[in-house]
Amino acid sequence: MMGAQRIGEAARPAAGLAVLADPMAIAEEGAERFAGAAGEAFARAGRFTVALAGGATPKLLYTLLATEPYGRHLPWQETHVFWGDERCVPPDHPESNYRMAHEALLRHLPIPSEQIHRMCGEEPDPERAAAEYEERLRTAFPGQAGAVPRFDLVLLGMGADGHTASLFPHTEAVREQQRWVVRNYVPKFQADRLTLTAPAINGAATVLFLVAGDDKAAALQAVLEGPAAPERLPAQLIRPTAGRLVWLVDRAAASRLAGKGRPLS
Ligand code: 6PG
């Protein structure tokens with residue numbers, strides 16, 4: 001892995017932080033880890049389940065994954081794609097996370113359409129859209145009652161306010177402990193979002209944060225090195241119960257970190 005300064009690889013595999021040169025280096029490292037997770041899952045279970053993030057940072061990663069060697073050498077036919085969150089807009093809307101991933105990645109790949117599980121942002125009733133998506137997850141991840149979905153990989157970004165997915169500070173979804181998918185009204189946008197909840201994300205085998213830019217530096221320092229304040233910093237809610245938590249950040253985003261960033265327990 002060129003250009004990476006591995007710091008914070010925790011003594012236990014629960015959490016780690018790699019500081020990389022820039023957004024492209026994050027995408028390159030992210031692609032390697034995506035490929036590793038896909039290969040591991042396919043070998044173990046014959047399928048690979050991944051929840052994609054929205055926003056700008058992962059777009060570079062998606063573009064990379066659509067090119068060689070990833071485009072040809074990953075088990076795309078056995079891949080099931082989900083989303084961590086979605087805006088309440090139609091799938092062809094410029095703000096749609098589905099549209100961004102479709103254009104950057106999915107339209108280039110031989111993933112069977114029935115294995116692309118988008119959240120229905122166009123549904124006029126977001127509560128219904130959330131309930132339907134949860135049902136879809138429960139079908140995809142059958143388990144005993146009260147279990148959580150076991151994504152092989154969940155990709156996440158983080159906002160400058162410490163939000164992740166559509167778990168925004170001081171919003172209702174931050175406190176949800178039972179449901180897997182909820183509608184979340186976000187006052188700062190005066191809009192509804194659909195989002196996985198923290199419990200649904202924390203069941204994953206690997207959660208990979210991709211964070212770039214100096215505008216994220218203060219929030220990253222607060223999330224990784226500040227006191228626990230998950231209501232104000234929802235990214236702190238993300239602590240896989242049994243899986244790996246890995247932060248891929250660039251030097252700009254890491255500029256305020258005092259040290260290795262404490263592994264999140
Ligand atoms: C979304 C994302 C959101 C995103 C962060 C960071 O729907 O926008 O799920 O949580 O990951 O806002 O976005 P950037 O990567 O664009 O900074």
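## A tour from the ligand outwards

Begin by selecting the ligand and the 16 residues around it, of which Ala 56, Thr 57, Arg 87, Ala 165 and Lys 216 come nearest; a residue is near a molecule if one of its heavy atoms lies within 4 Å of it. What you have open is a predicted model, in which local features need pLDDT of at least 70 and side-chain atom pairs count only at pLDDT 80 or more, while totals for chains, interfaces and linings use all residues. Residues are numbered from 1 along each chain as its sequence is written, and side-chain values use heavy atoms, with hydrogens and water left out.

A polar backbone atom of Ala 56 is 2.6 Å from an oxygen atom of the ligand. For Asp 85, a polar side-chain atom lies 2.7 Å from a ligand oxygen, and for His 163 an N or O atom in the side chain is 2.8 Å from an oxygen atom of the ligand. On its own the ligand has 410 Å² of accessible area, and the protein covers 87% of this; such areas come from the Shrake-Rupley method with a 1.4 Å probe.

Next, select helix 2, residues 57–65, and colour its buried residues, which are Pro 58, Leu 61, Tyr 62, Leu 64 and Leu 65. Helices (H or I, at least four residues) and strands (E, at least two) are DSSP runs, numbered from the N terminus, and buried means under 20% relative accessible area, exposed over 50%, with partly exposed in between (1.4 Å probe, protein chains only). These residues of helix 2 cover an arc of only 160 degrees around the axis, so they are on the same side of the helix; the arc is that of the directions from the helix axis to the C-beta atoms.

Now move to Ala 242, in the loop between helix 7 (217–225) and strand 10 (244–250). Ala 242 counts as exposed because its relative accessibility is 72%. Although Thr 206 is 36 residues from Ala 242 in sequence, the two are 9.0 Å apart in space, C-alpha to C-alpha.

Finally, zoom out to the whole protein, which has 7 helices and 10 strands. Of its 265 residues, 56% count as buried, and its C-alpha atoms fill a box of roughly 45 × 40 × 40 Å, taken along the principal axes.

Methods. A polar contact is a pair of N or O atoms within 3.5 Å; within protein, one must be able to donate a hydrogen and the other to accept it, and residues adjacent in sequence count only if both atoms are side-chain atoms.
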